[in-house]
Amino acid sequence: MGIILAVFSGFVLALVTPWTTRATGRASGWIYSVVPAGITVYLATRVAGVAAGETTRVAYPWVPGLNVDLSFYVDGLSLFFALLITGIGTLIFIYAGAYLRGHHHLGRFFSYLSMFMAAMVGLVLADNLFTFYIFFELTSFASFVLIGFNHDEAASRRAAWQALLVTKAGGLALLVGFLLMEQVTGTLQISAILETGDAIREHGFYTAIVLLVIAGAFTKSAQFPFYFWLPNAMQAPTPVSAYLHSATMVKAGIYVLARFHPVLAGPDLWIWLVGGIGALTMLLSAWLALQYTDMKGILAYTTIMALGLLTMLLGLGTETALKACLVFVLVHAFYKAGLFMVAGAIDHSVHERDVTKLGGLRAAMPATFGAAVVAGLSMAGIPLLFGFVGKELIYEATLHFEPAMVLFTAAALLANVALVASAGLLVIRPFMGATNQLTAHAHRPDVGLWIGPAVLAVLSLGLGLAPWLLDVPILAPALSALMGMETAPYLAIWHGFNAALGLSAVTIALGVATYMAWEPIRTSAPFRSLERWLGTGLDNGYDHAIDGLLALARAQTDILQNGYLRRYLATILVTTVVAVGYGFGYYGFEGPVLSFVNVASYEWVLSVLIVGGASGTLFLQDRVALVTSLGITGFGIALVYLMYGAPDLAMTQFLVETLTVILFVLVLAALPALNEAASIGHRLRDGAIALAVGGMVTTLLLAVLHQPFNNRMGSFYQEFSYSEAQGRNIVNTILVDFRALDTLGEIVVLLIAGFGIYTLLRLKRTPAATADRSSVSTPTIEQVSS
Amino acid sequence: MKVSLILRTAARLLVPLMILFSVFLMLRGHNESGGGFIGGLVGASGFALYAMAYGTDASRKALQVDPRTLMTVGVGLALLSALIPVATGDAFFQGLWTELPGGVKVGTPILFDIGVYLLVVGMALVVIYELDDDGLSLFPRNGVSTPYVVGETEPSPSEPTGS
């Protein structure tokens, strides 16, 4: 029950905030943060139990027929991530309240933010593949509305679309991967799948499953070549960037890889794809970060770097690597969320985020400065901070990865060097040096804007000094779940003089050098072209892909939806003939041969009328003559109904024919008098189609009538029409009583059609309205493509 | 060209009869041939005939209600007939019948049929009226017909062109 509450209280809050924020006003952030704080406290009470090896599973049947449960599973790994999400969430709520104080859509913002948090908690706790997938998609959706929060800016809208399309595409791949997993393991329950050992690895679907799951994880967690959406997502208000795009949402992909690590990891495919792409992403983005001067740009690329690093560690898959991965998730969340909030506080104070234009802010923002220094030192991996512990573990992991020790160690070293330089840019540039006219008037940020970074700084510092506090309660259960076996990791600040320490020293030295040489590096040609190809280049590639997709859609629409009624009809009729004809060709025709004996003379007359009317349409030129000819066929068919005992049908047919002729004449009069007499070729073609359809229907009827006729329905209605529906006219009792729901559906369709016709005819009359409409509808496409 | 006197005179006589007949068709439908759909078509034809003789505006005036309102009310009545049994605790669309003094039976299916009737009248007339307003020539304007003549290719001057 508590777990259900933990997941869904965020959704409840999301429903409430739009209405209550007016009342909560300036204190909104503090008040709403009670919810994530409460969930954090609740989850924290679970820590001791989970550390003792206990797991909890709650399940409610959702779609029992498909084995879809709304089920949640608390083990070391899910608790680890859930605590991170709600813990950081608490700080973000407080921060957002201060950052967006007085924003006219503050209620909406908190609604989206709570929805996101709840989706994320649901995702990490989910124990059913479908529950998992739905929460996964919900996080994408929440991210979409949060990135596009400033929806009056074109750049925000584009970024939101981009993030949505990229992550949803990956999400679909993930769904297929999940379905294959279900095929292999025979269950949708994640905790059961994790127990299947080598079942997936030994199955023929293994490669497909890995590729699909990786596609979902890589798009979500911004791996090469999909990372282009994440820097653009920085269009979101800074609290969103701090929460979604550093600490949590982007980690959803990491969580996918981690969750299924026990059953997927191991084979070379996994090691080289996950490890390799991770390393590549890490290396590229670390150096791309140095191309930017906007604090959020630098933060975005260093976030991608961190995600690449985590992915790489999951790919390596050794115990040290996985331990490093978990530790670095925390390290990164603490310093990156802190630095994002610092960047936002600076932006809030001086309305500038460009590190080359900032300086000397330490006096105006002392608390923020303090938090930034600690976060920066942790990011750079300076001893006595949590980041140092993380970096030592990373080097240890790559150094002990036998198959490609040099490759991964070199990549990690180079990436970390750039990271040190980025840390310098983010902390030294804005706060040190002299104030300039921009920063001289910086106002002191209020407590909501620095409390979050300060708390995170305390964590970075405290866990840097005493990392072993994490060993038993957090790290051991999480690592055990990640590896699928019991393990007892330990963390220490001092591992003796070893290779990892040496690499740390080299990293810091080279990092400082890189920081010193930042300007020349940033403007040098090779790095410029790196950015041009793999930064904006990939982003432009996305545009080309979307343009291509739209062009394809347009091309096929032009063919299929060409606006010519005659082509639609021809397409429908020919398709039907081909489909039914194929059926006859495949199963053979069984039925009587057409026989013309015993045809009464008046039946001959009628047939001649009907066929003559239809044929007339092929040969007549004048429109009114055409309509009349068609009318003859229609009335002839009505007479057939009358003769064979269907008076209601006949009456309807007569009336419809009459009204149709009137409508036709009305419409024909409005048509321009073009000389559109069809050529002989067209007439032959139309005649051929008509003959084919007629022949097909005749054959079909003969075949159907050949089957024994079961009149159960007829006798049912005969028996009950009067006793149940109080009517003797069976047709009518069917229409208004037995199948009244169908009739209701039909008249609603007529209603909609009536209003549709009305609107179309009115629209045409006012050209201004048409112009308005097109100017409204086109930007939707531009948003996606431009 | 003036509208044919025969048509105008006949319409005066025929239209009320057609409308009466349409209601008759609708009501008898439960036991004999007829019903809301057929009745509705006859009713709509009546107003269409009136429009041919006297013009759309006169026909609209005779109808008194906007045909769009008729459509909406029709679907509303049909829905109501489905909801009345729900209110009394029966199933959605359960037919409820009661006998009035004099042996006339009324029930929710009749209400449903009336809904269908109104919808069909409204829908058909929306299309006919709107097409005529769209710059057509079949129906007379100001007592003068602008009929479509077989073989005529010039649009008549009174029509807005290029619309």
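Reply: By the rule used here, there are five cavities of 30 Å³ or more. A cavity is, on a 1 Å grid over the protein atoms alone, a set of points where a 1.4 Å probe fits but cannot get out; lining residues have an atom within 4 Å of a point. Grid points are joined across faces, edges and corners, and a volume is the space filled by probe spheres set on the points. This is a predicted model, in which local features need pLDDT of at least 70 and side-chain atom pairs count only at pLDDT 80 or more, while totals for chains, interfaces and linings use all residues. Residues are numbered from 1 along each chain as its sequence is written, chains are lettered from A in the order in which they are written, and side-chain values use heavy atoms, with hydrogens and water left out.

Me: How much space lies in the largest cavity, and which residues line it?

Reply: The largest cavity holds about 60 Å³. Its lining consists of N732(A) together with M26(B), L27(B), G29(B), H30(B), P109(B), I110(B), D113(B) and I114(B). Helices are DSSP runs of H or I with at least four residues, numbered from the N terminus. In chain B, α1 (5–28) and α5 (108–133) each provide at least two lining residues, and α5(B) gives the most, with four.

Me: How is the size of an interface expressed?

Reply: It is often given as the accessible area lost when the parts come together. Here that area is found with a 1.4 Å probe and summed over both parts. Chain B and chain A bury about 4500 Å² between them, 72% of it on carbon and sulfur atoms. Contact means heavy atoms within 4.5 Å, and 52 residues from chain B and 45 residues from chain A take part.

Me: How many salt bridges cross the interface of chain B and chain A?

Reply: A salt bridge requires a side-chain nitrogen of Lys or Arg within 4 Å of a carboxyl oxygen of Asp or Glu. The rule finds one across this interface. The side chains of E130(B) and R762(A) form a salt bridge, at 3.0 Å from N to O.

Me: Is R522(A) buried or exposed?

Reply: Buried means under 20% relative accessible area, exposed over 50%, and partly exposed in between (1.4 Å probe, protein chains only). R522(A) counts as buried because its relative accessibility is 14%. R522(A) belongs to helix α23 (residues 518–523) of chain A. Leaving aside residues up to four places away in sequence, R522(A) touches L290(A), Q291(A), T293(A) and R528(A).

Methods
1 Å grid on protein atoms, 1.4 Å probe; cavity = no way out; pocket = protein on both sides within 12 Å on 5 of 7 lines; lining within 4 Å. Buried area = accessible area lost by both parts, 1.4 Å probe.
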